[in-house]
Amino acid sequence: MSGEGVEMTAAEGEVLRKDRGHQPLWVWVMVLTAYGHRCVYCDERPSQTLEHEAPLAGRAGRDIWWNLVPACDRCNSWKQKKSAAEWARDMKLHHAYPKAGFARHALPLRIVEGINDRVAHVQREIRDPARRQWFEHHYGQKRTPRLRREKHEEVQRCAEGMERYPFLPWESREIKPSTSHCMRVLCCGYQQDDAHPEFITLAEAEREDLRRMAYEKGWYLGDLIGNLLDRAVEEWRRSRRGGRGEKRSGDVNRDACARL
Ligand SMILES: [Zn+2]
Ligand SMILES: [Zn+2]
C-alpha cells in the first residue's frame, strides 16, 4: 500500500538503516502538522510521533516520508508491527471476540471503523507535492534538533500558525516555479524580484474597515489585500477564458456554481 500512486524511486527520501528514526526537521513538521495536528488513528490526541503506516518489519514498510503518518505515542505503541489496515481488522475482531486475543488494547469501535479512510485522507495530504515542497523550503535548511521535545516545539509553533491562518500558503500561486525557494504569493513571494509592489490610496474610513477586517480574520493586512486581489483577478481571467471559448462549454457554469 505504501508508495501507491507516488511517482518516486525507492531511494528518494529514504534514510539509511543506521539513521532510522532520524528524519529531518521538515519531515517531522510536515507529517505531524497533517490531519490538523491530530493522531490519525484515535482521531483525538495531538500527534507526537512519525508512525510507519506499513511497518518497517514488514515487506512493504519503509522509513520514507510517504510511509509516515501522524500518531500519538499510545496508538504507536498499540499498533506495533501491523499495517493500519491489519491493526483496524484486529481491533474489530477484538470487539467481537474480546477473549480471543486479537488485540490487548482497542480503540472504540466507531473510531476503528474510520481508520482506513482517515489514513487514506492524511496520506493524500502528506503526498501533496505543493504542500511537501512548502515544508521543504521553510524547514529544510533548519538544523534538526536532537531532542524530541524541541522538534515538538517547532511542530507546535507551525500548527498554531496554520490554525490562525484561514488559507494554506502552498495553495496560493507561485510568482514563478522554483525548486529551491518558496515563491508563493501569499507567503514569501513578495521577496522575489518578479514581485512588484503596487501603491494604493485608501480613504480613511476604507482603510479603517480593511484593518478591522484583517484584525478580525487574524490576517496580515497585506495578505488580506493580496488575497482579495487574487480572487478578483482570477475571476476576471476565468470570465475572459469563458468569453473566448477556450474552455469546454459548461466549465464556466460549473465554476460559477462552485462559487455559490
Ligand atoms: Zn492516537
Ligand atoms: Zn514561504
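Student: Leaving aside neighbours within four places in sequence, which residues is Asp-90 in contact with?

Tutor: Contact means heavy atoms within 4.5 Å. The model is a predicted one, in which local features need pLDDT of at least 70, side-chain atom pairs count only at pLDDT 80 or more, and totals for chains, interfaces and linings use all residues. Residues are numbered from 1 along each chain as its sequence is written, and side-chain values use heavy atoms, without hydrogens and water. Once neighbours within four places are set aside, the contacts of Asp-90 are Lys-82, Phe-102 and Ala-103.

Student: What is the length of the polar contact between the side chains of Asp-90 and Lys-82?

Tutor: A polar contact is a pair of N or O atoms within 3.5 Å; within protein, one must be able to donate a hydrogen and the other to accept it, and residues adjacent in sequence count only if both atoms are side-chain atoms. The side chains of Asp-90 and Lys-82 are joined by such a contact, of 3.0 Å.

Student: Is Asp-90 buried or exposed?

Tutor: Buried means under 20% relative accessible area, exposed over 50%, and partly exposed in between, with a 1.4 Å probe and protein chains only. Asp-90 has a relative accessible area of 9%, and therefore it is buried.

Student: Which helix holds Ala-214, and why does Ala-214 count as buried?

Tutor: Helices (H or I, at least four residues) and strands (E, at least two) are DSSP runs, numbered from the N terminus. Ala-214 lies in helix H9, residues 204-217. Ala-214 counts as buried because its relative accessibility is 4%.

Student: Which residues does Ala-214 touch, not counting those up to four places away in sequence?

Tutor: With those residues not counted, Ala-214 touches Trp-219, Leu-221 and Leu-224.

Student: How many residues of helix H1 are buried?

Tutor: Helix H1 spans residues 25-32 and is mostly covered. Its buried residues include Trp-26 and Met-30, and they pack against elements including helix H7 (129-139). The number of buried residues in H1 is eight of eight.

Student: How do the axes of H1 and H7 cross?

Tutor: Axes are lines fitted to C-alpha atoms, for helices over the stretch in contact, and angles run from 0 to 180 degrees between N-to-C directions. The axes of H1 and H7 come within 9 Å and cross at roughly 135°. Angles under 35 degrees count as roughly parallel, over 145 as roughly antiparallel, 65 to 115 as roughly perpendicular and the rest as oblique. Therefore H1 is, relative to H7, oblique.

Conventions
Chains are lettered from A and ligands numbered from 1 in the order in which they are written.
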